[in-house]
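I opened my notebook for a first walk through this structure. These entries keep to what I looked up, one stop at a time.

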Number of protein chains: 2
Amino acid sequence: MASGRDLSLALEKVVRLVREVSTAGDISPTAATVLGVLARTGTQRVTDLARIAGVSQPAMTQLVNRLTQQELLARVADDADRRAVLVEITDAGREVLETRRGQRAGVLDAALARVSAEDRAAIAAALPALDRLVDAVLDS
Amino acid sequence: MASGRDLSLALEKVVRLVREVSTAGDISPTAATVLGVLARTGTQRVTDLARIAGVSQPAMTQLVNRLTQQELLARVADDADRRAVLVEITDAGREVLETRRGQRAGVLDAALARVSAEDRAAIAAALPALDRLVDAVLDS
DNA sequence: TCGCGATGCATAACATAGGTATGTTATGTT
DNA sequence: AACATAACATACCTATGTTATGCATCGCGA
């Protein structure tokens with residue numbers, strides 16, 4: 001049976017790998033998170049992005065500044081609340097996301113092709129379980 | 001069947017989680033990698049550590065400096081080549097590693113307890129496969 | 001509706017971790 | 001001996017994060 005320790009060791013290795021592989025667009029992990037959130041949910045406030053990404057609000061303001069300069073994000077006025085700033089992803093931002101994902105998927109596809117069919121099946125079977133596991137952690 | 005894209009999306013989520021959970025000792029991911037490598041392999045040269053961790057040699061010199069100040073690492077002279085500096089982990093360094101792993105294992109154990117037995121089994125079955133998958137990437 | 005605390009964001013000042021460029025010392029090679 | 005190479009260290013820049021603070025706007029109770 002899988003203990004937290006087994007899982008921890010296995011994930012440690014996987015995480016190191018994913019970190020190395022995900023370098024397209026040359027953006028930070030936090031920036032990738034922000035782009036991903038905006039791609040999935042549409043516009044968000046700076047404060048909400050900060051909370052979601054787990055950084056301070058000023059850090060998010062600065063990140064949004066940098067990504068806006070790179071034209072990966074855009075600021076939009078919130079007509080309902082003029083204190084707020086809505087942030088949205090641009091087409092260029094979507095492209096960066098897509099490139100990153102494609103790159104990573106390519107590496108993983110190549111790797112999947114090199115392991116046994118049994119291993120592929122085991123991994124495929126575990127993905128929904130892993131997803132629920134992560135949700136279980138996030139809920140607690 | 002699991003595509004690289006499916007896997008990529010699932011791992012993205014897991015990576016974010018692991019990053020958040022691993023905060024013991026307050027050290028950077030690179031520092032954690034260095035400690036882990038030294039714990040597993042014994043002494044290493046600064047240049048080799050830099051290559052393994054995927055950072056530049058000066059960055060590794062500075063990281064070793066910081067970790068040495070925190071007494072998590074120690075420098076040892078290389079009698080065979082006096083240009084070189086051998087770096088080794090200290091007992092305090094091992095403790096930090098152990099604390100981090102225990103912390104993460106604890107979180108994951110709690111999470112495992114909250115998903116179904118089927119999910120636990122699926123995850124347990126996939127761990128060796130994931131390990132081989134990572135090795136397949138690293139070989140290429 | 002007036003005032004006033006709460007909210008949302010920006011700015012300032014600073015810390016940390018990474019990078020490149022370059023210097024110093026030791027080793028190998030003609 | 002003279003030069004090339006290798007292994008670290010140093011100097012300085014950028015990216016990314018923090019806390020403290022300022023400013024505009026909003027919502028709401030007297």
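**Entry 1: a helix crossing in chain B**

I began with two helices of chain B and found that H2(B) and H5(B) cross in a left-handed way. The model is a predicted one, so I keep that in mind for every entry. Which residues make this contact? From H2(B) I noted B:Ala32, B:Leu35, B:Gly36 and B:Ala39. From H5(B) come B:Gly93, B:Arg94, B:Val96, B:Leu97 and B:Arg100. Sorted by class, the residues where H2(B) meets H5(B) are five nonpolar, two polar and two charged.

Next I looked up the geometry. H2 of chain B covers residues 29–41 and H5 of chain B covers residues 91–112. Their axes lie 10 Å apart, and the packing angle is about 110 degrees. Because of that angle, H2(B) counts as roughly perpendicular to H5(B).

**Entry 2: the sheet of chain B**

I turned to the strands. Chain B has an open sheet of three strands, ordered E1-E3-E2, with antiparallel pairing. Which strands stand at the edges? They are E1 (44–45) and E2 (73–77) of chain B; each has a single partner strand, so one side of each has no neighbour in the sheet.

I then followed one pairing. E1(B) joins E3 of chain B, residues 85–89, through two bridges in the antiparallel sense. There I could pick out B:Arg45, whose bridge partner in E3(B) is B:Leu86.

H4 of chain B, residues 57–69, lies across E2 and E3 of chain B and runs at about 115 degrees to E2(B).

**Entry 3: over to chain A**

I moved to chain A and took an inventory. Chain A holds six helices and three strands. Read from the N terminus on, its elements run α-α-β-α-α-β-β-α-α. I also noted the span of its C-alpha trace along the principal axes, about 55 × 35 × 20 Å.

**Entry 4: the sheet of chain A**

In what order do the strands of chain A form their open sheet? I read E1-E3-E2, with antiparallel pairing. E1 and E2 of chain A are the edge strands, each pairing on one side only.

I checked both pairings. E1 of chain A, residues 44–45, pairs with E3 of chain A, residues 85–89, over two bridges in the antiparallel sense. In this pairing A:Arg45 stands opposite A:Leu86 of E3(A). E2 of chain A, residues 73–77, is joined to E3(A) by five bridges, again antiparallel. Here A:Leu73 has A:Ile89 as its bridge partner in E3(A).

I stayed with H2(A), which lies across E1 and E3 of chain A and runs at about 90 degrees to E3(A).

H2(A) also packs on a helix. H2 of chain A (residues 29–41) and H5 of chain A (residues 91–114) have axes that come within 10 Å and cross at roughly 110 degrees. That angle makes H2(A) roughly perpendicular to H5(A). The crossing of H2(A) past H5(A) is left-handed.

Where do they meet? On H2(A) I found A:Ala32, A:Leu35, A:Gly36 and A:Ala39, facing A:Gly93, A:Arg94, A:Val96, A:Leu97 and A:Arg100 on H5(A). The residues of this contact of H2(A) with H5(A) divide into five nonpolar, two polar and two charged.

**Entry 5: putting the chains together**

How many residues does each chain bring to the contact between chain B and chain A? I noted 48 residues from chain B and 48 residues from chain A. On the side of chain B that touches chain A, H1 (4–21), H5 and H6 (117–139) of chain B each supply at least two residues. H6(B) gives the most to that side, with 16 residues. By class, this side of chain B has 28 nonpolar, seven polar and 13 charged residues.

Last, I looked up how the copies are related. Chain B is superposed on chain A by a rotation of 179 degrees with 0.0 Å of shift along its axis, at an RMSD of 0.3 Å. The two copies are therefore related as by a two-fold rotation axis. The same surface serves both copies, as 100% of the contact residues of chain B recur in chain A.

Note on methods: Residues are numbered from 1 along each chain as its sequence is written. Chains are lettered from A and ligands numbered from 1 in the order in which they are written. This is a predicted model: local features need pLDDT of at least 70, side-chain atom pairs count only at pLDDT 80 or more; totals for chains, interfaces and linings use all residues. Two strands pair if DSSP finds at least two bridges between them. Helices (H or I, at least four residues) and strands (E, at least two) are DSSP runs, numbered from the N terminus. Two residues are in contact if their C-beta atoms, placed from the backbone, lie within 7 Å. Axes are lines fitted to C-alpha atoms, for helices over the stretch in contact, and angles run from 0 to 180 degrees between N-to-C directions. Angles under 35 degrees count as roughly parallel, over 145 as roughly antiparallel, 65 to 115 as roughly perpendicular and the rest as oblique. A crossing is left-handed if the near helix is turned anticlockwise from the far one by less than a right angle, and right-handed if clockwise. Ala, Val, Leu, Ile, Met, Phe, Trp, Tyr, Cys and Pro count as nonpolar, Asp, Glu, Lys and Arg as charged, and the others, Gly among them, as polar. Copies are superposed by least squares on the C-alpha atoms of residues with pLDDT of at least 70 in both.
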